[in-house]
Amino acid sequence: MKVCIVGGGNAAQALGALFPSKGHETYWFAPFADEAERIKAGIAEQGGVMKATFAAHNEPNGLVEGKPVLVSKDPADVIPQSDVIVMPLPSFAYWDILAAIKPHLKEGTFLCVTPGQGGFGWIAQEVLGDVYKKVITFATLPMPFNCRITDFGKHVGVQTFKRHYRVGTYPPEASDKALEINTQLFGESQSIGHLLSCALYPINAIIHPQRLYRLLKDYKAGDVLPENPLFYE
């Protein structure tokens, strides 16, 4: 499969190791600031590969290495040849990313966003216009990783690689193909119907307050934490 990763954050860099290691022809669009150059420089220093270490309870586990075909800040370099565009992005980035890739999308391209909240479908419809009818959009829940960059452009530590996914698709009749793609990329997947189902699925609103409560339930005014608590680890 020809896949393009979008972004330069924790999950994007984990995918930069994972996807090529699974045999996918992997391209990488990193448009923010100097991230593309930093990633290219980092992987060049270690033989062109991105590295990720997956904790022992995951599959895969241990060190995973992958060699992206090309990393670029220019969407024209990496979007046209890709069949699937994977966007592990915060919702505030949707608009600018979609505007940048719009001129380079071919008919039948699958746009995968994770975790898929923030009204992605509505934003994509507005930004892409008529192009929206020529592509397939799907959202993947949850975000595949709990991970942190340990050396930018070189290595990511993956604490958890999720095993089960829910996928919402537009148009809904393309859900079987979207499930097939998601399964190849991430793992066992089931459909939850329309893309809108993911936009309205409040996973972070449910999980994050509980995690914060566990971290801080004994806090009293004036307490000073000995170190910055890790949210997921």
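This is a predicted model: local features need pLDDT of at least 70, side-chain atom pairs count only at pLDDT 80 or more; totals for chains, interfaces and linings use all residues.
Buried denotes under 20% relative accessible area and exposed over 50%, with a 1.4 Å probe and protein chains only. Helices (H or I, at least four residues) and strands (E, at least two) are DSSP runs numbered from the N terminus.

Helix α2 spans residues 35-44, and its buried residues are Glu35, Ala36, Ile39, Gly42 and Ile43. These lie on the same side of α2 because their arc around the axis is only 130°, judged by the directions from the helix axis to the C-beta atoms. Exposed Glu37 and Ala44 sit on the face turned away from that buried side.

## Overall fold and dimensions

The protein chain contains eight helices and 12 strands. Along the principal axes, the C-alpha atoms fill a box of roughly 55 × 40 × 30 Å.

Of the 233 residues, 45% are buried. Among contacts (heavy atoms within 4.5 Å) between residues at least 6 apart in sequence, 71% join residues at least 24 apart.

## Basis of the values

Residues are numbered from 1 along each chain as its sequence is written, and side-chain values use heavy atoms, without hydrogens and water. Local features need pLDDT of at least 70 and side-chain atom pairs count only at pLDDT 80 or more, whereas totals for chains, interfaces and linings use all residues.
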